[in-house]
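Visitor: I'd like to learn how to read a model like this one. Could you walk me through it?

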Amino acid sequence: MKTLLHMITVFLFIVLAPLAAQPKICIDAGHGGSDPGAVGNGLRESDINLDIALKLRSLLNADTADTSGGSSWRVLMVRTGDTSVSLAGRTAYANSNGANRFISIHANSFSVASANGTETFRYRNGSTNSRLLQTAIHEELIDAGGLRDRGIKTAGFYVLRYTSMPAMLSEQGFVSNSGDAAEMAKGAWRTDMAKAHMYGLQRHYGVAAYDPTQSVERGTVTLNMGDTALNPVRLRARSSGDVVRVAYLADDRWPVGESANAAGGYAVDTRFYTVGQRKITVIGYGASGRELARDSRTVTVQNSAFVFTTPSVTDNPVALTAQGDANVASVRYYANDTYLLGSSSNRNSDFPVSYRFNFTGTRSLSAVAFDSNGNEINRVDHQIQIND
Ligand SMILES: [Zn+2]
């Protein structure tokens, strides 16, 4: 009994899992054959509907083939040519093939030429999923087509009423309106509307809108620096593939610079005011601006060794002195952060300056270390008592 139950469970899993992962989408290009649908401004509705339906099929098949995003679909087509199909034939096709969703594609017409815009329908007593499907596609159609938003509507249309799965019908625009017709005449516009149906389906099935026909950029990026670094830190990375620009982040939050690809790789000099362990992340971007790859590591950031060694009690003239390592090229001494008392270049790692103070007593002094490029790399503050 237990074994039988186990076998049934395995059987159900094998049979149901692919169905759940690959919904059957029935695409119904309205009218066709002896029925051209609405006609006006040099357009036939049946042609527009079929073109968008065929484009939608191609997009869904491309989405299924592409594993970088989107979803996976089985496409059912009510018609793929300029053929006549009855309304009952359309719903019977969807129902008997077990379609999971039904999308009917139409274009509109009205006796008043000024009527214009895009609208969508679901059956007036339709399911929640009909409404959700319609809403997701409607939003994308308005976004993509740029025509007037006539709203999310209900109706008793045959194909909505007699389909047994969640169903919606889209009216792209009015062939009877010259403005709408001018858009619908463009192949690129019809492609955008086909994509909008796909995006709505993707969102309806819980994945982000994704265009599988965009050329997919790929690349890698690698941090190319040691585990310890001296301020100012030279951030370095190398890339492969389609990476054209990198950005660096500290501790996953702080942008510390970015660099376009140059002969020397992606070098950015930055000074860390908080030394110690910092997480450095490099993010590589493609020409489209899409993030392609990232790499990170923890780097111990250190300041150059630098000490301000003037005694805390001293007589005038004061022998100001500091010691720094090989990265310190020069030192300037300031009183109260403002008054430059003198500067000194490296003399065997000593930086001596003699200065006579006019005012005795306690003074606040700073020794500021600079590297050979004139960048400040360290600073030590020190209080001294000056006697005459
Ligand atoms: Zn129609």
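Visitor: What distance separates the centres of domain 1 and domain 3, taken over C-alpha atoms?

Guide: The centres of domain 1 and domain 3 are 77 Å apart, taken over C-alpha atoms. Keep in mind that this is a predicted model. The chain is divided into domain 1 (19-204), domain 2 (219-302) and domain 3 (306-387).

Visitor: What feature does UniProt place at residues 91-202?

Guide: An unreviewed UniProt entry puts "domain: MurNAc-LAA" at residues 91-202. In the model, that span is 46% helix and 26% strand, and its end C-alpha atoms lie 23 Å apart.

Visitor: Let's take a helix, then. How many residues does helix H4 have, and how far does it reach?

Guide: First the general idea: an α-helix has 3.6 residues a turn, so residues three or four places apart point the same way. Now the case here: helix H4 (residues 128-145) has 18 residues, and from first C-alpha to last it reaches 25 Å, close to the 26 Å expected at 1.5 Å a residue. Just after H4, Gly146 has a positive phi of about 70°.

Visitor: Which residues of H4 are buried?

Guide: The buried ones are Ser130, Leu133, Gln134, Ala136, Ile137, His138, Glu140, Leu141, Ile142 and Gly145. Their cover includes strands E5 (101-108), E6 (118-123), E7 (149-155) and E8 (167-174). Helices H6 (178-184) and H7 (187-204) are also part of that cover.

Visitor: Can we zoom in on one residue of E6? Is Glu119 buried or exposed?

Guide: Glu119, which sits in strand E6, counts as buried because 23 other C-beta atoms lie within 10 Å, and the cut-off for buried is 20 or more.

Visitor: Which residues does Glu119 touch, not counting those up to four places away in sequence?

Guide: Glu119 touches Arg150, Gly151, Lys153 and Glu171, with residues up to four places away in sequence left out.

Visitor: Now the sheets. In what order do the strands of the sheet with E10 run?

Guide: In general, strands of a sheet pair through backbone hydrogen bonds, either parallel or antiparallel. Here, 5 strands make an open sheet in the order E10-E17-E16-E13-E14, and the pairing is mixed. Strand E10 (228-230) and strand E14 (254-260) are the edge strands, each pairing on one side only. Neighbouring strands of this sheet are turned by 35° against each other on average, direction ignored.

Visitor: In what sense do E13 and E16 pair, parallel or antiparallel?

Guide: Strand E13 (residues 245-250) and strand E16 (residues 276-285) pair in the antiparallel sense, over 6 bridges. Look for Tyr248, which stands opposite Val282 in E16.

Visitor: And the sheet with E19: which strands stand at its edges, and why is one side of each left without a neighbour?

Guide: That open sheet of 5 strands has the order E19-E26-E25-E22-E23, with mixed pairing. Strand E19 (313-315) and strand E23 (339-345) are at the edges; each has a single partner strand, so one side of each lacks a neighbour in the sheet.

Visitor: Which residues stand opposite Val331?

Guide: Val331 stands opposite Ala369 in E25 and opposite Ser344 in E23. E22 (residues 330-335) pairs with E25 (residues 361-370) in the antiparallel sense over 6 bridges, and E22 and E23 also pair in the antiparallel sense over 6 bridges. The hairpin of E22 and E23 has 3 residues between the strands, and in it Asn336 takes a positive phi near 50°.

Note on methods. Residues are numbered from 1 along each chain as its sequence is written. This is a predicted model: local features need pLDDT of at least 70, side-chain atom pairs count only at pLDDT 80 or more; totals for chains, interfaces and linings use all residues. Two strands pair if DSSP finds at least two bridges between them. Helices (H or I, at least four residues) and strands (E, at least two) are DSSP runs, numbered from the N terminus. Axes are lines fitted to C-alpha atoms, for helices over the stretch in contact, and angles run from 0 to 180 degrees between N-to-C directions. UniProt positions are given in the numbering used here, feature names are shortened, and annotations may be inferred rather than shown by experiment. The expected span of a helix is 1.5 Å times one less than its number of residues. A residue is buried if 20 or more other C-beta atoms lie within 10 Å of its own, exposed if 12 or fewer, and partly exposed in between; C-beta atoms are placed from the backbone. Two residues are in contact if their C-beta atoms, placed from the backbone, lie within 7 Å. Domain bounds come from an automatic or database domain assignment.
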